[in-house]
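Please read the numbered points with the model in view.

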Amino acid sequence: MKTINITVPVEELSFEELTAEERILVDTARQATYRSYAPYSHFSVGAAILLGNGEIVAGSNQENAAFSSGTCAERSACFYAHAQYPNTDFRCVAIAARGTDGEFVNDPIPPCGSCRQSLLEYETLAGHPVKVLLAGRDKVYRLPSLKTLLPLAFTEF
């Protein structure tokens, strides 16, 4: 038997330590939380994607009484981004959330498994790492690629 250890490089930064471009992306993700429709969970998530053409596309979670009919912020953003800009690659993804108290969560939250797989499809399509910013109230986790969120991902067809 062989044990394989997988490590994920995560940088923890303050908002002020981000680049100007990263701060804009995090702010866009935070603003997207206010467009969330979350009458059941009361947990509002926003995502923003920086595209290779300089455009930023945002999405928010949209819930539905038929729970599986809703969608997460990350998939809302990535599907819209590719539908509108199919020939433009993703460069960076930022994710932010507000909890049931309406305040931004203290610790950064990662995307769910379905969103990780969906986002990874677009990193694979881009052919290069897509940076990830997970924004909490006072700190941001920066990861070098979407693949770091799903290291043993299914990517071969």
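**Notes on the predicted model**

1. The largest pocket holds about 270 Å³ of space. Its lining is made up of 18 residues, and those closest to the centre of the pocket are Ser 41, Asn 61, Glu 63, Thr 71 and Cys 72. It should be kept in mind throughout that this is a predicted model.

2. His 42 deserves a separate remark on its backbone. Its phi is positive, at about 60°, although this residue is not a glycine. His 42 is located in the loop that runs between α1 (20-32) and β2 (44-51). With a relative accessible area of 47%, His 42 is partly exposed, because that class covers values between the 20% limit for buried and the 50% limit for exposed residues.

3. The salt bridges number 5 in total. One of them joins Lys 131 to Glu 22, with 2.7 Å between the closest N and O atoms. Lys 131 belongs to strand β5 (residues 131-135) and Glu 22 to helix α1, so this pair ties together parts of the chain that lie 109 residues apart in sequence.

4. Glu 22 also takes part in a salt bridge with Arg 142, where the closest N and O atoms are 2.9 Å apart. Since Arg 142 is in strand β6 (residues 140-143) and Glu 22 is in helix α1, the parts tied together by this pair are 120 residues apart in sequence.

5. Lys 131, by contrast, is partly exposed, with a relative accessible area of 26%. The assignments follow because buried means under 20% relative accessible area.

6. Glu 11, Glu 22, Lys 131 and Arg 142 are linked with one another in a network of salt bridges.

7. A further salt bridge is formed between the side chains of Lys 139 and Asp 107, at 2.9 Å from N to O. Lys 139 sits in the loop between β5 and β6, and Asp 107 in the loop between β4 (90-98) and α3 (113-126), so the pair ties together parts that are 32 residues apart in sequence. Asp 107 is partly exposed, its relative accessibility being 40%.

8. The last point concerns the surface. Ile 4, Ile 6, Val 8, Val 10 and Leu 152 make a nonpolar surface patch of about 500 Å². Ile 4 is exposed, with a relative accessible area of 65%, because the exposed class takes in values over 50%.

Notes
Residues numbered from 1 in each chain as written. Predicted model: local features only at pLDDT ≥ 70, side-chain atom pairs only at ≥ 80, totals over all residues. Heavy atoms only, no water. Patch = residues over 30% accessible without salt bridge, like charges linked within 9 Å, V, L, I, M, F, W, Y side chains within 5 Å. Areas by Shrake-Rupley, 256 points an atom, 1.4 Å probe, with all protein chains shown as cover. Salt bridge = Lys/Arg side-chain N within 4 Å of Asp/Glu carboxyl O. Buried < 20%, exposed > 50% of the residue type's maximum accessible area, 1.4 Å probe, protein only. 1 Å grid on protein atoms, 1.4 Å probe; cavity = no way out; pocket = protein on both sides within 12 Å on 5 of 7 lines; lining within 4 Å. Points joined across faces, edges and corners; volume = space filled by probe spheres on them. Helix = DSSP H or I, 4+ residues; strand = E, 2+ residues; numbered from the N terminus.
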